[in-house]
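Work through the following exercises with the sequence and the model side by side. Try each task before reading its solution.

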Amino acid sequence: MKPTDLGNIPAEKLEFAHQSDIRHDVKFETKPLNYFQDAWLRFRKNKSSVIAFIIIIAIVLFAFLTPLFSRYPVSFSDGIYSKKLPKSFVLSKIGIATGTRERTLSDKGYAYTLGIGIAAADTDGQGATKQEGLACEFSPIVSGGELYTSHNKNYHDCVIDDYLETGFTYMQVTESQYEDMLAWQEESGRQLIYPMVDISSDFNFSRTDANYWYKTDDSGNPVNSLGERLDINKDELEENYLRNTDGSIAFYQGKASNMKYVRVLYYNYFIYKNGHEPAFLLGTDGAGYDILVRLASGTRLSLLLAICVSAINLTIGAVYGAVEGYYGGLVDLILERVSDIISGVPFIIVATLFQLHLVATGKVSTFTALLFAFVLTGWLSTAYNVRTQFYRFKNQEYVLAARTLGAKDLRVMFKHIFPNALGTIITSSVLVIPSVIFSESMLSYLGIANMNSSTQTSLGTMLANGQQYLSTFPHIIFFPAVIISLLMISFNLFGNGLRDAFNPTLRGSED
Amino acid sequence: MFKYVLKRIALVFVTFFIIMTMCFILIKLLQPEKPMLGAQAAMELARREALGYNKPILVQYAIYLRNILTKWDWGTSWEIDYMAPVNEVIFDRLLPTVLINLYSMVFSVPFGIIIGIYAALKKNRWQDHLISTWIMIFVSVPSYVYAFIVQYFLSYKTGWFPLIMSSYADAGGTFFSWTMFRSMVLPVLALSFSTIASLARYTRAELTEVLTSDFMLLARTKGLTSRQATTRHALRNAMVPILPMIISMFIGVLDGSLIIEKIFAVPGVGGLYLNSINLLDYDVFMAVGMFYTFINLSSMIVIDLSYGFIDPRVRMGER
Amino acid sequence: MKKNGKTGVLRLFSLIFAVMMLISFASCGKKDKDDPSGYTFNDYIEATPDKWNAHTWETSGDRYVSGFTEIGFVDIAYDPETGGWKWAYEMADAMEDVTADFADKEKWGIEEGQTGRVWKISLNQAAKWADGTPINADTYIYSMQQLLNPEMKNYRANAHYSDDIAIVGAYDYFYSGSTSKVQNFKGPDTYVYPYETWVLGDDGVYTGEDGTKLYFGLNDVLNYLDGASLTEYKDYMTEEQCGSAAYDLLAAKADDKGYVPVTDETKDILFGFTSADVWGNETEDLLAAYVLYDYTFPVFDWEGVGLLKVDDYTLYYICAEPISEFNFYVNMTSIWLVYEKLYEEGKTKVGDLVATNYGTAVNNYMSYGPYKLVSFEKDKQIIFEKNENWYGYTDGKHEGQYQTDKIRCTIVSDHNTQLELFETGKLDIVSLTSDDMNEYRHSDNLQKLPQTYTFRFFFVTDKDVLRTLSENASSDSKKVNKVILAYDDFRHAMSLAIDRADYVLKGTAGHDAAFGLMNSLYYYDIENDPDSIYRKSDEAKQVICDIYDVKYGEGEKYATLDEAYESVTGYDVDKAKELFQKAWDEAYAAGDVNDGDVFEFTCPVVKKELTAEDMTQQNLIQGYIDEAIKGTPFEGKVTITYTTNEDRYAAVGEGRVEMARGAWGGGAFYPYSMIRCYVDPTYVEIHERCGFDPTQETMSVTADFDGNGTEETLKDSYYNWGASINPGGKYNLADGKLKLKILAAIEKNLIEQYHFIILSSENLVNITSDKVKYVTDKYDVMYEFGGFRWLTYNYNNGEWEQYVKDNGGSLNYK
């Protein structure tokens, strides 16, 4: 609209205004925004870092709340139920965490696994058929098992329940424990003590494996009483139970100082001991700990260590870098050399020496020794970052202006230059957190630090311990790896978000 | 400028000497184990006596320095390669590590930069988020997990590549034959993931920061198309921190990744450092330690100088 | 960088990339494929052996190469006819004991009527090195001269100058001309220079009668201090306890090696040190026990060494002590041969030590066994091929043996990769861990290999040292008490608290529970009776029954000794509670324990890495102890924490740590010499020596010593009883039953002291591929499963590759 075609503006639109009451700058209606509110506004806009922030909060909540809800304490461990797959009765109804896996079994393996079901069905030792064995609730074979041959060897593909596959174990119990188990058996209706196997007979393959209740030859293949090989696909297994002097089936073998050696169905024994059926939501690790609770405790410890380290690194690094970057010249040269020397110190040697001289002699706990090892060389990267930022901003015009206005060095450093550097410092200190967890896992993998004990563990140790089971039981390393990746992703995105939020140059500019 | 470089080099030697003294004392604090059988214990003590291990540490250090300065003899290895001079121990194992890392650098640096640039240009769009999460995954998952996955799927299940690096003899007596290269693909891949990811993330971060700076606004107002502005100005500025990072990666080539070399049975220098600590092979530890320290210190100078070289405004040492 | 950054850099990199690709394809040399009709055995090891020179190898890993490239005079081999084992003559055609009619006996110190001293070895005349050079008597003489070379101090020299097959004169030859400080203390109150005979020289320094200068040794290992040195004692005793001011005065006078000339002044200073009550206020004459003197071994030339060349292919091997034929043969299964030309070329002088790099690479080593070393790449791969010059392939005595014509050994330390290589047919053998057992338990290719190692906890039991350790560990907030470990009842209770069956099942990789020091692999008389297993003998079973007081016979719960032995579990929670209470009352009365005390024990179990399995074992042991101390004053106060320690055996021996877990093993055919690991401080450093001195403590044995039908009871020190049944001992050549009774008595008395708690013995598990087949699948301690000699093949290389392809690239052994 060109200014000339203003034409006939109606008179009433115009009103007299006193010269003094024309105010050019109208009072802002919006609330005053201080530095952090503005940063929060910008932070909120960046969706990915908000999601990351939520993930971090979720993980921290998981780490602190799980022990309250979980059924197992951190120190709970069951040597027999170690390396078991994730299982939960609720989820397995919809097919997740069923605690089962496919296995290809040879004849001997099939006889062994099927044998567990048969023995479980035959509670009084009078014998049970294969059908009864398959039908029994304690049979490890959930489905499948049809015979097929490849390269003239017999195989059975079947789905096996990981928990029932443990079958029977031998156990030494005192007189009172034995009575207590019998009483529980009556009261709960669950058979706990099963017929004892004649261990010292030459039809017995193993003195420690209680699942060999049937007659076997020297390499574990089922045989009949004459020693001829049986074919599991056609014949029934022949029991090899211990007999009392009067010929009846013995349910225990008397041992010295009136102890009894019994054969127990471990699934029911677990219920007898813990009052509920065995189910671990995330499975158990190599030592039989419940992964869910250990993961929570591990995350707590690792986060604590990481946050302490990054906090200390941040403070030392920032101050050191600032002084170095700002003053430059001789000061920079000397401080640079000092940091060269410290960075020259081999981190692995320092960690080993701390472990040897401090932890092994019991003066200091592994946690403090690790904290000290990380901090000794950790702050260098922050110092380096800050120094580069200072070099970048030191000669900017506004800093020169501040100095000419007579601002003292300290004020210039921490009022003018530092906020600009804040962005990268925040990012790098936030990134330190996952990288500390990472290198802690490296140290435990190399065997230098070990935070593992019955009451506490760390993410790094769980990763290191899980590495050896990668090909056999991948679920052990899968969950710690997921948690550490989530932590890394969320901290990185969160760090990026923070950097953009705190970056003064971005203040107010639309993205 | 030249006077400054001379000063820096002199300082490097001072630092090098201080670190060397510190490492020597630190490693000598760890005492080797005495064998149990009586007769052999006396034998081992006699041998250590002959090698002068019982002398006070400072005396041993003096002897060690004298050997280096006079005969450039960094000592012999007694545990890792019985009686082999230390430089032979290192250089025998250097080639496989350098090759694996070089291939991985050549493969991952271009990819890393391109992905970083693409992500920066498409900031906050779905491509950027996809790439960022992919970067985070590869940066955060431990190297032995995806090294195992690469080995499990690309070799164990499918058999496309051999499980471990082939030996010199099997590869027909050369490190540059097709069988050798094919057997190196997996370790190179495993090594490259983390390099690509970290380089991409770094490039993306630097480029986004540069893109929002005011001289870009000026470039656009000058009438340059967005492509020209980006290539001519933005990238040049973003390169300021990236180039030194690439240089330090090149230097990093030499330390080899311990875990990748363990999983793919690469006979490299990766495990040498830790091995020399476990077996307390003093001379090898010192030689390997000093080798890395010298490389790090010299790369520090190169990087500091490259700052000045790329961004004229940032002059070193000037107040 | 004139061009704009990005494209320039990109172009540069793509150029390098292209060049790199070009080079690698251009030079693809000859592919070293295995000969399809041949038989290659693909083996693996975890770490590169660094030296396999027969004179200096140290770890079993070092033996890997010489296992294929060297062979002994004789070898233990599977005998297809009898199914048992037999001696296979290899580098020697015959070895017989010619002591009786040996010519000049006095020259070699052989008494009349002695046997097993001089052995005539007729060498195999067809034996040659891999390059064709013949091997004759001179080669053996040269090799032994180098092994015993005084300047080289070879690690394996002691086998031929101080062990069972020590050669007459070898000790003097090895030390010939060298002067070294030798200890004045030769055994309980026997000295070379007793205190009263010291003469004060005119320079103020004391000498023996013959004028030899006497010194006090500060850093030297002293037998009188059970293998510790004065410096070590001073380091671990607190300031006022050992009057370290006196020690520092001495140190000021010592030379750089820690030797202090004995003068009136230094004598009084040391006496002030040793007469202090905390040291046991020793009398002045005991000062002689700390003295060392320069002893210059007379120059001893080779003629005095008992390895004589009779003719080109016959040797006389004269032992210093009589040795049974079986023991001699077993020791001759590995011999000391080295290839002169390469051995000499490899020699260099380092400090005042001569060392050779013989046997560290392909070009500085020569094989003479069935296979020769062809390629050796550090940390990567070792290749052996058939050694055409080996006599065995043409002498007609090895039909059906050594079918393998090539061995490729890959060096890979990651267990997952090993399993994958095995399942894709690239490896023919892999050893399994306890975690793999769950998967491979039913495989037909599984082999279980029992080991001789028995694991046990061993303790410091010396009250003063324990008191120091307790003070070091205590702080004002926490009073840590370790002195309780000095009470036998407490350690006995700990032993009874451990449920060994449960421990081996849940915490170990297929271990067996153990109650005695030697498991069922030890034979006390394998020479004459192949079933003479020590653990299964009545005497050994009786030992275990006595320890756990399980009776048998009429009116008892068990009828026979076997039944009683079977019933032993070593687990008795009620008795453990009783003993804990008894120990508390006794200690409380003696003021060694009070109510506020906490009983925290650190127990180093490994050198470097605490694995998850160690942690499981620690928690199991802690659980058993917690259970057993319920209802006793110790309840809730006892904790055991596993840690690592560079040298845990010396740490406990020298009183730096209160307990540790470790194992002795080996010597499956020599239970008599194995027991010396627990009773003979000169043979080996006793782990439990801090509080248990086998040369002082005594035990009694009831047996028919003089053969007159009546049993007598004799009392003597553990050390003397141990020495009595070993070479040079009173009962060494006595009848088997008596030696067995003494051995059993030593084991019983040792265990009942509870200076150590026996836990379990180890088993290794291997699995082999379908390609290879051992000659027998029944384990035998002599030849395991027939070994490499009798290994046969179901497929050759070509067929095997096809078999793997047919199975889709990976085989199922589960």
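**Exercise 1.** Find which residue with a positive phi follows α11(B), and then describe the surroundings of that residue.

*Solution.* Step one is to go to the end of the helix: α11(B) is followed by L280(B), whose phi is positive, near 55°. Helices here are DSSP runs of H or I with at least four residues, strands are runs of E with at least two, and both are numbered from the N terminus. This is a predicted model, in which local features need pLDDT of at least 70 and side-chain atom pairs count only at pLDDT 80 or more, while totals for chains, interfaces and linings use all residues. Residues are numbered from 1 along each chain as its sequence is written, chains are lettered from A and ligands numbered from 1 in the order in which they are written, and side-chain values use heavy atoms, with hydrogens and water left out.

Step two is to look back along the helix, which covers residues 270-278 of chain B and has as its buried residues G270(B), L272(B), Y273(B), L274(B), S276(B) and I277(B). Buried means under 20% relative accessible area, exposed means over 50%, and partly exposed lies in between, with a 1.4 Å probe and protein chains only. An α-helix has 3.6 residues a turn, so residues three or four places apart point the same way.

Step three is to look across the chain: the C-alpha atoms of L30(B) and L280(B) are separated by 7.6 Å, although these residues are 250 apart along the chain. L30(B) belongs to the loop between α1 (2-28) and α2 (38-51) of chain B, and it counts as buried because its relative accessible area is 7%.

**Exercise 2.** Work out which strands form the edges of the open four-stranded sheet in chain C.

*Solution.* Begin with the order, which is β4-β5-β15-β14 in chain C, with antiparallel pairing; two strands pair if DSSP finds at least two bridges between them. The edge strands are therefore β4 (92-97) and β14 (307-311) of chain C, since each pairs on one side only. From one strand to the next, the twist averages 20°.

Next, take the pair inside the sheet: five bridges join β5 (residues 118-123) of chain C to β15 (residues 314-318) of chain C, and Y317(C) in β15(C) is the bridge partner of W119(C). Finally, helix α3 (residues 137-147) of chain C packs on the sheet, where it touches β5, β14 and β15 of chain C, and its direction makes about 165° with that of β14(C). Contact means heavy atoms within 4.5 Å, and axes are lines fitted to C-alpha atoms, for helices over the stretch in contact, with angles from 0 to 180 degrees between N-to-C directions.

**Exercise 3.** Decide whether helix α16 of chain C is mostly covered or mostly uncovered.

*Solution.* Count first: seven of the 10 residues in α16(C) (residues 538-547) are buried, and the helix is mostly covered. Then name them, namely E539(C), A540(C), K541(C), V543(C), I544(C), C545(C) and I547(C). These buried residues pack against α17 (561-566) and α24 (736-753) of chain C. Just after the helix, D549(C) takes a positive phi of about 25°.
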